Amino acid sequence: MGSDSQPPRSRMVDSAAVLVRERGVHGVGLREIVAHSGGPRGSLQRYFPGGKTQLLGEALDLVAADIAAQSKLLDARTLTEAVDAVIAPWRKSLLDSDFTLGCPIAATIVDASGNDQLREKARTLLSQWHESVRDTLVRFGSSKSVADEQASVLLAALEGALILARAQRSTQPLDAVQRFFTAALTQAAK
């Protein structure tokens, strides 16, 4: 995500995003983030007066924006392209990271049960993701209520597939979810 030519603050947000995707919220400390980013430790309070919560919130926003930018969901002309647009950024992330990076939204929900700010941030991002998938399915002919359920099941399957893919060090679980939903959604549209 980042480079040494970035300002230290940006590098810290990038590092937080990577480390949460690898280790979860509780597996990452501020010192680790600073060390990973090569940033000045003494400036953490100046850059992030809200502490770890602020830093991780910004990291979640960064990853969500990055995944959205990689996704071609709005450009999809068919249901097959839409399902691919949902899955493709995660497949790329897994392959590029040698299966070390997962979904930071899921990691935050699991790890930050005691942090209302981070839970709300994760819930909001997950809701936005769900809405974009649902709206795309509506565009291809599903009613809003059916598309709402389809989007929920697709995202739940995708999150499970990400865990399995990391455990198996294989994209096979993602491939299976993609094949299943491509067939199921195409059949439902007929």
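The legends below describe close-up views of a predicted model.

**View 1. The largest cavity and its lining.**
A search of the whole structure finds one cavity of 30 Å³ or more. The volume of the largest cavity is about 30 Å³. Its lining consists of Leu73, Ala82, Val83, Val86, Val133, Thr136, Leu137 and Leu154. Two helices, α5 (79–96) and α7 (116–139), each contribute at least two residues to the lining of this cavity. Sorted by class, the lining of the largest cavity holds seven nonpolar residues, one polar residue and no charged residues.

**View 2. The packing of helices α4 and α7.**
Two packed helices are described by the angle between their axes and the distance between the axes. For helix α4 (residues 51–70) and α7, the angle is about 10° and the axes are 10 Å apart. Angles under 35 degrees count as roughly parallel, so α4 is roughly parallel to α7. On the α4 side, the contact is made by Thr53, Leu56, Gly57, Leu60, Asp61 and Ala64. On the α7 side, Gln117, Leu118, Lys121 and Leu125 meet them. By class, the contact of α4 with α7 has five nonpolar, three polar and two charged residues.

**View 3. The largest pocket.**
About 390 Å³ is the volume of the largest pocket. It is lined by 18 residues, and the closest to its centre are Ala64, Ile67, Ala68, Trp129 and Ser132. Helices α4, α5 and α7 each supply at least two residues of the lining of the largest pocket. The largest share of this lining comes from α4, with five residues. In the lining of the largest pocket, 14 residues are nonpolar, three are polar and one is charged.

Of the 15 residues that line the second largest pocket, Cys103, Ala106, Ala107, Ile163 and Arg166 lie nearest its centre. Three helices, α1 (8–23), α6 (104–111) and α8 (144–168), each supply at least two residues of its lining. By class, the lining of the second largest pocket has seven nonpolar, two polar and six charged residues.

Most residues other than glycine have a negative phi. Asp98 has a positive phi, near 55°. Phe99 also has a positive phi, near 65°. Asp98 is placed in the loop between α5 and α6, and Phe99 is found in the loop between α5 and α6 as well. Are these residues buried or exposed, or partly exposed? The relative accessible area of Asp98 is 43%, so Asp98 counts as partly exposed. Phe99 has 11% relative accessibility, so Phe99 counts as buried.

Thr171 lies in the loop between α8 and α9 (172–189). Buried means under 20% relative accessible area. Thr171 has a relative accessible area of 15%, so Thr171 is buried. Leaving out residues up to four places away in sequence, Thr171 touches Arg91, Leu95 and Phe99. Phe99, shown in the previous view, is buried too, at 11% relative accessibility.

**View 4. Ser93 in helix α5.**
Which residues does Ser93 touch, not counting residues up to four places away in sequence? Ser93 touches Arg21 and Leu101. Ser93 itself is part of helix α5. With 12% relative accessibility, Ser93 counts as buried.

**View 5. Pro49 in the loop between α3 and α4.**
Pro49 is placed in the loop between α3 (44–47) and α4. Exposed means over 50% relative accessible area. The relative accessible area of Pro49 is 55%, so Pro49 is exposed. Pro49 and Ile105 are 56 residues apart in sequence. In space, Pro49 and Ile105 are 22 Å apart, C-alpha to C-alpha.

Key: Residues are numbered from 1 along each chain as its sequence is written. This is a predicted model: local features need pLDDT of at least 70, side-chain atom pairs count only at pLDDT 80 or more; totals for chains, interfaces and linings use all residues. Side-chain values use heavy atoms; hydrogens and water are left out. On a 1 Å grid over the protein atoms alone, a cavity is a set of points where a 1.4 Å probe fits but cannot get out, and a pocket is an open set with protein on both sides within 12 Å along at least five of seven lines; lining residues have an atom within 4 Å of a point. Grid points are joined across faces, edges and corners, and a volume is the space filled by probe spheres set on the points. Helices (H or I, at least four residues) and strands (E, at least two) are DSSP runs, numbered from the N terminus. Ala, Val, Leu, Ile, Met, Phe, Trp, Tyr, Cys and Pro count as nonpolar, Asp, Glu, Lys and Arg as charged, and the others, Gly among them, as polar. Axes are lines fitted to C-alpha atoms, for helices over the stretch in contact, and angles run from 0 to 180 degrees between N-to-C directions. Angles under 35 degrees count as roughly parallel, over 145 as roughly antiparallel, 65 to 115 as roughly perpendicular and the rest as oblique. Contact means heavy atoms within 4.5 Å. Buried means under 20% relative accessible area, exposed over 50%, partly exposed in between (1.4 Å probe, protein chains only).
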